[in-house]
Amino acid sequence: MRRIGIRLWLVGAFAAVTLLTAGVVYLFGDRPRAVLGAIALGILAGFLIAVGITRRLTRLSRESGRLAAGALDTPLDVGGRDEIGDLARALDSMRASLKESFGVLTADRNKLKAIFDGLTDAVIVVDEDGPLRFSNSAAANLLDPLGQPPDSMRPHLRRAHDLGFAAHPALRIGDRAYAMSARALPKERAVLVVARDRTDEMRRELAEADFISNAAHELRNPLAGISSAIEVLQEGAKDDPDALDHFLGRLAEDTERMNRLTKSLLTLARVESLGAGETEGIEVAEAIADTVEAAEPPPHIELTVDAEPGLFVAADPTLLRQVMVGLLTNAFKHTPLPGRVTLRARRDGEKEAMLEVIDTGPGIPEAEIERVFERFYRRDESRNQEGFGLGLAIARRMVGVMGGEIGAHSVEGEGSTFWVRLPAAHPNPTPVA
């Protein structure tokens with residue numbers, strides 16, 4: 001069926017009005033009333049035609065406005081086989097194409113967002129005039145409370161805008177340090193920033209450098225003693241029996257010291273490499289008895305044991321024994337004669353148990369309590385005693401492997417308490433033969 005164009009429709013309507021006018025004049029004669037009637041019919045017919053066209057155009061305009069607002073899901077009403085109908089069908093076809101294109105763009109945008117949010121590095125895009133345009137989830141900790149780049153980053157953004165690129169190896173933002181690089185995006189009139197949190201990495205680097213420095217220092221002293229003794233012996237002291245015995249004794253002491261340091265370093269390295277280990281239910285009273293047997297108190301040091309009966313902890317028996325023996329030995333070492341050391345075990349709530357070693361030594365200043373667990377840390381008054389400052393660092397790592405915590409509290413002049421908190425456990429079931 002051929003389409004009826006709107007121009008043909010208007011021509012037909014005009015012809016119909018002309019025929020009506022001619023008919024009225026023919027029937028009623030050439031009189032004023034006939035002429036007025038014909039004019040009225042023409043006006044009415046023209047009005048009805050205009051209303052019909054206007055109504056369809058108004059509906060089409062409303063549908064176009066809805067498309068402009070983004071409502072692409074509802075099809076347009078495309079009735080009519082004239083030019084207005086063609087326009088409506090063209091708009092509906094455009095709506096369907098836009099819906100498909102927006103769907104593809106939305107899927108691509110969501111995919112990119114998922115990729116950026118999966119990055120551990122912070123990604124930020126900032127307009128040239130300052131406002132934030134985009135940031136991924138890793139950038140949340142970088143932004144200020146208003147969601148904008150921090151002030152410490154802005155000089156580098158301006159430098160990147162002016163020169164095309166800027167970088168900083170360890171930009172301090174709050175209490176964290178970030179390796180940051182910024183690059184200008186001229187076509188986008190923006191600056192792209194990528195920042196990686198280096199705080200933990202730098203702490204590890206500093207700790208490793210400190211560890212190596214301290215280990216080298218501890219090894220240098222006995223090596224210097226060995227080298228000095230050998231040099232004196234080579235210069236003729238070996239011919240004097242008394243001098244020979246003296247320097248051989250020094251060589252033996254320095255060699256033993258190096259041997260103990262090497263063993264401690266190897267133990268620390270092995271423990272540092274451990275992940276979360278397997279645990280079992282251990283009866284605390286039995287573990288304490290084993291500890292006391294392995295670390296007998298020196299003369300004039302009174303050892304008191306106070307263990308809650310029926311108490312079990314989830315731990316590794318070998319690691320627990322080594323930790324408790326180390327704490328008890330430290331307590332004996334730092335308690336002046338005569339003194340008292342208490343080994344106590346008790347419940348700490350429903351799910352944990354607390355093991356404590358309490359001494360009557362000189363105590364530790366509050367500012368140093370956390371530092372005593374650092375590798376190679378020794379207080380000034382402890383430097384003349386045997387040891388390398390590794391025991392408590394090893395103990396902390398062993399307790400961490402067992403899923404527990406270790407700490408201390410102290411009062412200067414009264415003594416110290418070192419505690420180990422472990423998960424409480426039920427006794428292991430006895431296997432049936």
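In which helix is the place of Thr291? This is a predicted model, in which local features need pLDDT of at least 70, side-chain atom pairs count only at pLDDT 80 or more, and totals for chains, interfaces and linings use all residues. Residues are numbered from 1 along each chain as its sequence is written, and side-chain values use heavy atoms, with hydrogens and water left out.

**View 1. Thr291 in helix H7 (residues 284-294).** Helices (H or I, at least four residues) and strands (E, at least two) are DSSP runs, numbered from the N terminus. Thr291 has 2% relative accessibility and therefore counts as buried (under 20% relative accessible area, 1.4 Å probe, protein chains only). Leaving aside residues up to four places away in sequence, Thr291 touches Met324, Val325 and Leu328 (contact: heavy atoms within 4.5 Å).

**View 2. Helix H8 (residues 317-333) and helix H9 (residues 391-401).** Their axes come within 10 Å and cross at roughly 150°; axes are lines fitted to C-alpha atoms over the stretch in contact, and angles run from 0 to 180 degrees between N-to-C directions. On the H8 side the contact is made by Leu319, Gln322, Val323, Leu327 and Asn330, and on the H9 side by Leu392, Ala395, Met398, Val399 and Val401. These residues divide into 8 nonpolar, 2 polar and no charged (Ala, Val, Leu, Ile, Met, Phe, Trp, Tyr, Cys and Pro count as nonpolar, Asp, Glu, Lys and Arg as charged, the others, Gly among them, as polar).

**View 3. Lining of the second largest pocket.** A pocket is an open set of points on a 1 Å grid over the protein atoms alone where a 1.4 Å probe fits, with protein on both sides within 12 Å along at least five of seven lines; lining residues have an atom within 4 Å of a point. H3 gives the most to this lining, with 4 residues. The lining divides into 8 nonpolar, no polar and 2 charged residues.

Methods:
Buried < 20%, exposed > 50% of the residue type's maximum accessible area, 1.4 Å probe, protein only.
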